[in-house]
Amino acid sequence: MLEKIKDSAAYISRFLDKEEYSIGIILGTGLGELAEAIEIKHTIPYAGIPHFPLSTVVGHKGNLLLGKFGGKNVIAMQGRFHYYEGYSMQEVTFPIRVLHELGIKQLFVSNAAGGVNPQFLAGDLMIITDHINLFPEHPLRGKNIEELGPRFPGMTDAYSPRLIRLAEACGQRLNIPLRHGVYAGLQGPSFETPAEYNWLRIIGGDAVGMSTVPEIIVARHMNMECFGMSVITNSTASPELIKTSHTEVQDMGNKAQPRMSALFKGIIEAL
Ligand code: HPA
């Protein structure tokens, strides 16, 4: 694994033009448009990077974007790997290992999520303050690679209090209301039953989605500083609203893009 990480990083590092890159962004739902706000210097298709998982989904974007955003050098992942697509947890999180090897210290992640907290409305933005890992497989299962991180990494402060404070200040300055909450991550791909949404609320979730948690666990294993934000695409609290569809998730995700991009830019500028 270590060899593969180094191989991938060696390939990508040729595009860094000897500059330092310390900020990584995963452009999940709600941040696709952010790609257009990056002054892109290089677009590297995943398909050309040694050992990167192969994207099997037709029309799915799979590129690393290298460029300037908010005045800083950033590496953005345009397209992520979901567990429900059939990738192993090692594959889902491989790009995070590579980003770390390239010198990335801060990881910014976005996603779409169902609002489990009854006060949340579709279209709300939520700062992720913590998560509940409900995936059936753990990305750190198996022999630990000591060079990467400890066998038993802590997960308190998985979401950096410093970055959360910066996000709050940025939300106030830009007049963008922000929710705070706990993201419950599970495998999907089916949306949840009413009983499951209810259970997620009982166990302490505010939002639910099918990504992010494995990536954050692996990033924290390597001591990267993490920030996550969810677009609440559907409220799951009332029986009339509960019929979740992929189209609805995408529409709401798109609507949130300008707000989400502005916030991420503000936070990165303030770093
Ligand atoms: N459940 C799981 N993932 C999601 C949802 C949901 O209701 N909405 C957006 N992503």
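Predicted model: local features only at pLDDT ≥ 70, side-chain atom pairs only at ≥ 80, totals over all residues.
Leaving aside residues up to four places away in sequence, Val-74 touches Tyr-21, Ile-23, Ile-25, Ile-38, Leu-65, Leu-66, Gly-67 and Phe-69.

Val-74 and Pro-258 are 184 residues apart in sequence, and their C-alpha atoms are 19 Å apart.

## Nonpolar cores

The largest nonpolar core holds 78 residues, and the members that touch the most others within it are Ile-25 and Phe-264. With residues up to four places away in sequence not counted, Phe-264 touches Ile-25, Leu-31, Leu-34, Phe-69, Phe-108, Val-109, Ser-110, Phe-227 and Met-229. Another core, of 6 residues, lies apart from the largest one and includes Ala-184, Tyr-197, Leu-200 and Val-208.

## Helix H6

After H6 comes Asn-223, which has a positive phi, near 65 degrees.

## Salt bridges

The model contains 6 salt bridges. One of them joins the side chains of Arg-179 and Asp-124, with an N to O distance of 2.8 Å. Arg-179 belongs to strand E7 and Asp-124 to the loop between E5 and E6, so this pair ties together parts that are 55 residues apart in sequence. Arg-179 is partly exposed, at 26% relative accessibility, whereas Asp-124 is buried, with a relative accessible area of 16%.

A salt bridge also links the side chains of Arg-162 and Glu-225, at 2.9 Å from N to O. Because Arg-162 lies in helix H4 (residues 161–173) and Glu-225 in strand E9, the pair ties together parts that are 63 residues apart in sequence. Arg-162 counts as partly exposed, at 38% relative accessibility, while Glu-225 is buried, with a relative accessible area of 18%. In a further salt bridge, Arg-201 and Asp-206 have their closest N and O atoms 2.9 Å apart. Here Arg-201 is partly exposed, at 33% relative accessibility, and Asp-206 is buried, at 11%.

## The second largest pocket

Rolling a probe the size of a water molecule over the atoms shows where empty space is left. The second largest pocket holds about 160 Å³ of space. It is lined by 14 residues, of which Met-1, Gln-90, Pro-139, Arg-141 and Lys-143 are the closest to its centre.

By type, the lining of the second largest pocket divides into 5 nonpolar, 5 polar and 4 charged residues. Helix H3 (residues 89–101) supplies the largest share of this lining, with 3 residues.

Conventions: Residues numbered from 1 in each chain as written. Heavy atoms only, no water. 1 Å grid on protein atoms, 1.4 Å probe; cavity = no way out; pocket = protein on both sides within 12 Å on 5 of 7 lines; lining within 4 Å. Points joined across faces, edges and corners; volume = space filled by probe spheres on them. Helix = DSSP H or I, 4+ residues; strand = E, 2+ residues; numbered from the N terminus. Nonpolar A, V, L, I, M, F, W, Y, C, P; charged D, E, K, R; others polar. Core = buried A, V, L, I, M, F, W, Y, C linked by side-chain atoms within 4.5 Å. Buried < 20%, exposed > 50% of the residue type's maximum accessible area, 1.4 Å probe, protein only. Contact = heavy atoms within 4.5 Å. Salt bridge = Lys/Arg side-chain N within 4 Å of Asp/Glu carboxyl O.
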